[in-house]
Amino acid sequence: MASTTIEQEVKALIADIIEMDPNEIDPDASLVEDLGMDSMMALEILAGIEKKYKIKLPEEELPKITTVNRAVELAKKYVK
Amino acid sequence: MSSKDKKLAPLDFEQIKAIIPQRFPFLMLDRIVEIQPGVRIVGVKNLTGNEWFYQGHFPKKAITPGAMICEAIAQTGIVFFSASQPGTRDVTYLMGSLKIRFLEPVWPGDQMFIEVTPLRLTSSAGIFTAHVRVEDRTVAKGEFAMSAKPNNQL
């Protein structure tokens with residue numbers, strides 16, 4: 001799958017969960033400190049990525065979802 | 001038989017109270033009729049015209065508040081989580097999000113069957129689907145997220 005597609009899709013997915021315009025999200029901004037994400041939203045992002053790409057991410061990966069770019073890296077690591 | 005196939009015995013009202021922290025007037029679960037840890041649970045709430053909330057909702061026509069149906073879903077979710085993650089101790093359960101559609105009114109005399117299945121379960125939280133039936137009719141359905149927060153972190 002094209003890397004830019006994953007980037008756009010994951011960003012859109014996160015934007016939807018944290019209720020922000022995707023264009024206003026700095027991909028390196030801290031999801032918790034800058035964008036107001038809580039632990040439940042992090043789980044929703046994990047589950048959203050799993051559902052979208054039909055993959056299973058280990059629970060240990062959950063704390064790694066700290067920025068949009070980290071979430072994109074995570075998705076790319078598991079999407080074949 | 002894998003652990004996924006394991007069904008636990010149904011739970012009665014007293015057994016439910018030993019699991020969930022809610023008490024009168026917030027007990028919205030009478031019985032668990034089916035429980036398969038990690039897979040699915042079905043709870044039952046019998047509604048009588050004597051429920052406290054019908055006094056005000058509404059004085060001239062008793063209809064079960066959607067908020068109380070959500071509470072029944074949440075309590076079923078707590079029993080499910082507790083059975084699926086049996087090591088969980090000294091936590092408070094917090095609803096993170098809830099997206100629900102109410103399809104039909106629920107009246108005094110109705111018996112709600114509340115089915116909860118996990119979309120994603122971790123050791124401290126979960127995202128679930130909920131399906132509430134009265135007889136063979138779906139009265140509410142949706143998704144919710146819930147976490148088990150250790151009391152020393154609240």
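**What counts as a contact**

Two residues are in contact if their C-beta atoms, placed from the backbone, lie within 7 Å. Keep that cut-off in mind for chain A. Among its contacts between residues at least 6 apart in sequence, 54% join residues at least 24 apart. The model described here is predicted.

Chain A has 3 helices and 0 strands. Along the sequence the pattern reads α-α-α. Its C-alpha trace spans about 30 × 25 × 15 Å along the principal axes.

How does the radius of gyration of chain A agree with that of a compact globule? A compact globule of 80 residues would have a radius of gyration near 12 Å, and chain A has 11 Å, so the two agree. Of the 80 residues in chain A, 26% are buried.

**Chain B: helices and strands**

Chain B has 2 helices and 6 strands. Starting at the N terminus, the order is α-β-β-α-β-β-β-β. The radius of gyration of chain B is 15 Å, close to the 15 Å from the globule rule for 154 residues, so chain B is as compact as a globular protein of that length.

The C-alpha trace of chain B spans about 50 × 35 × 30 Å along its principal axes. Buried residues account for 29% of the 154 residues in chain B. Now take the contacts in chain B between residues at least 6 apart in sequence. Of these, 64% join residues at least 24 apart.

**How strands pair in chain B**

Which strands pair with β6(B)? One is β3(B), which pairs with β6(B) in the antiparallel sense over 11 bridges. Within this part of the chain, B:L94 stands opposite B:S147 of β6(B).

Another is β5(B). It runs antiparallel to β6(B), and 10 bridges join the two. Here B:I127 has B:A145 in β6(B) as its bridge partner. β5(B) and β6(B) also form a hairpin, with 2 residues between them. In the turn, B:E135 has a positive phi of about 55°.

**Where the chains touch**

How many residues does each chain give to the contact? Chain B gives 10 residues and chain A gives 9 residues. On the side of chain B that touches chain A, four strands each supply at least two residues: β3 (91-102), β4 (111-121), β5 (125-134) and β6 (137-150). The residues on this side of chain B divide into 4 nonpolar, 5 polar and 1 charged.

Note on methods: Residues are numbered from 1 along each chain as its sequence is written. Chains are lettered from A and ligands numbered from 1 in the order in which they are written. This is a predicted model: local features need pLDDT of at least 70, side-chain atom pairs count only at pLDDT 80 or more; totals for chains, interfaces and linings use all residues. The radius of gyration is taken over C-alpha atoms; the globule rule is 2.2 Å times the number of residues to the power 0.38. A residue is buried if 20 or more other C-beta atoms lie within 10 Å of its own, exposed if 12 or fewer, and partly exposed in between; C-beta atoms are placed from the backbone. Ala, Val, Leu, Ile, Met, Phe, Trp, Tyr, Cys and Pro count as nonpolar, Asp, Glu, Lys and Arg as charged, and the others, Gly among them, as polar. Two strands pair if DSSP finds at least two bridges between them.
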